[in-house]
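Please open the model in your viewer and keep the selection panel at hand. The tour below goes from stop to stop, saying what to select and what is there.

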Amino acid sequence: MKRGSDNLPRALIVEDDRSWQQILAELLRDMGLAVDVAEDLPAAVQALRAHAYRVAVVDLSLRPFDPHNREGLDILAALQRHNPTCTPILLTGYATVDVAVEALTEYRAFTLLRKERFSRREFRDVVRRALALAPLNRWANGEQEPTAPPPRTDAARPGEKRGVVLIVEDDAGWQSILTELVREAGYTPRVCGGYAEALGRLRRERPALAVVDLSLSGSSLQPENRDGYRLLSTMRDAAIPTIVVSGTGNADEAERAYEEWGVFAYVEKQTFSRRAFRDLLTEARNAFQGQGSPLDSLSPRERQVLDLLAEGLTNREIAERLVISPNTVKRHLKSIFEKLGVNTRAAAVAKRLAYKEPRAHDG
């Protein structure tokens with residue numbers, strides 16, 4: 001095992017490939033960490049018994065070219081036993097969605113990074129966030145450590161295409177998990193990493209469902225980030241059924257999501273179940289399919305007024321364009337608000353944008 005300096009915060013790399021060892025060690029040392037490298041479980045356990053680590057980067061498969069090897073999960077279990085305050089990052093080129101969920105929920109990996117999409121910038125950002133969270137590890141106070149779950153028996157069920165699901169999630173590991181589950185359920189996933197990107201997507205097409213992480217700051221240490229809540233407001237105004245997937249949830253937050261924003265379901269990442277999530281997708285589809293657009297209730301003139309409102313025109317400008325009086329525009333707007341169930345011009349525009357036909361080049 002290769003050892004690092006004893007005078008710096010320590011990072012452990014568990015990786016059998018020499019090239020990846022060099023890449024990861026170089027990046028971690030550049031971030032001011034002392035780096036130890038282990039190639040297998042015995043060497044990793046030896047290191048964990050000798051040192052306390054702030055972060056560990058663990059390859060899922062520790063046998064070359066073996067996509068079925070999952071010794072990395074054994075490493076994560078060893079971390080929980082020997083170094084519970086260490087934050088693990090799983091690195092893989094092989095992980096299925098089942099293994100990814102298992103690593104993130106049962107073994108408490110901070111995130112899962114795929115080798116085929118490895119980005120040095122993303123890796124450095126993930127490590128910084130992991131280092132910030134490391135002292136707050138949930139097992140640091142001697143709580144009972146988790147045990148490995150029984151093997152999963154649910155098989156994949158391919159389905160017909162049912163529409164688009166908008167996934168708003170800034171964590172690469174959870175993006176991968178949610179994308180695969182949505183695709184398995186027969187939907188077309190659209191993944192956005194933040195608020196602005198999601199709003200842009202909503203302007204181009206209307207999703208059948210939305211899956212939103214409330215904490216889009218990348219860290220539970222930044223509760224002031226409200227982008228996830230702003231998206232819930234947008235989804236509510238556009239009447240898009242929404243499933244919240246939260247890593248920092250509590251009872252008050254869940255109640256508010258249901259009562260104020262009318263979400264369809266609220267799921268905590270810590271207790272995430274692959275099967276339960278797929279069932280939620282099916283329930284949401286059954287609950288909302290066949291519902292027409294609220295725009296269908298508008299008269300032709302009201303549709304014209306709403307279209308001009310969406311272009312940013314004032315009441316007077318709309319009146320001039322349609323050759324009607326400003327008071328008539330006000331009456332049309334009052335009727336539009338009532339029919340769409342909104343109270344503001346912005347909310348009416350948001351609903352109009354959400355329900356308009358997508359452009360032909362969108363995909």
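Predicted model: local features only at pLDDT ≥ 70, side-chain atom pairs only at ≥ 80, totals over all residues.

Residues are numbered from 1 along each chain as its sequence is written, and side-chain values use heavy atoms, with hydrogens and water left out.

Begin with R345, which at 32% relative accessibility counts as partly exposed. R345 lies in helix α14, residues 345–355, where helices (H or I, at least four residues) and strands (E, at least two) are DSSP runs numbered from the N terminus.

Next, select helix α11 (residues 300–310) together with helix α12 (residues 315–322), which pack at an angle of about 130 degrees with their axes 10 Å apart. Axes here are lines fitted to C-alpha atoms, for helices over the stretch in contact, and angles run from 0 to 180 degrees between N-to-C directions. The two helices α11 and α12 are therefore oblique to each other, a word for what remains when angles under 35 degrees count as roughly parallel, over 145 as roughly antiparallel and 65 to 115 as roughly perpendicular.

Stay with α12 and colour N315, I318, A319 and L322, which are buried. Seen down the axis of α12, these buried residues fall within an arc of 100 degrees, so they line one face of the helix; the arc is that of the directions from the helix axis to the C-beta atoms. An α-helix has 3.6 residues a turn, so residues three or four places apart point the same way. On the other side of α12, R316, E320 and R321 are exposed. Just after α12, V323 takes a positive phi of about 60 degrees.

Go on to helix α7 (residues 195–204), where Y195, A198, R201 and L202 are buried. They cover an arc of only 125 degrees around the axis, which puts them on the same side of α7.

What sits over the ring of Y195? Select R230, whose charged end is 4.0 Å from the centre of that ring; a charge sits over a ring if NZ of Lys or CZ of Arg is within 6 Å of the ring centre and within 35 degrees of the ring normal.

Finish with the aromatic rings, of which a search of the whole structure finds five pairs. In F118 and F123 the ring centres are 5.5 Å apart and the planes stand at 45 degrees, so the pair is tilted. Rings of Phe, Tyr and Trp (its six-membered ring) pair if their centres lie within 6.5 Å, and planes under 30 degrees apart count as stacked, over 60 as edge-to-face and the rest as tilted. F118 counts as partly exposed, at 21% relative accessibility, whereas F123 counts as buried, at 0%.

Methods:
Buried < 20%, exposed > 50% of the residue type's maximum accessible area, 1.4 Å probe, protein only.
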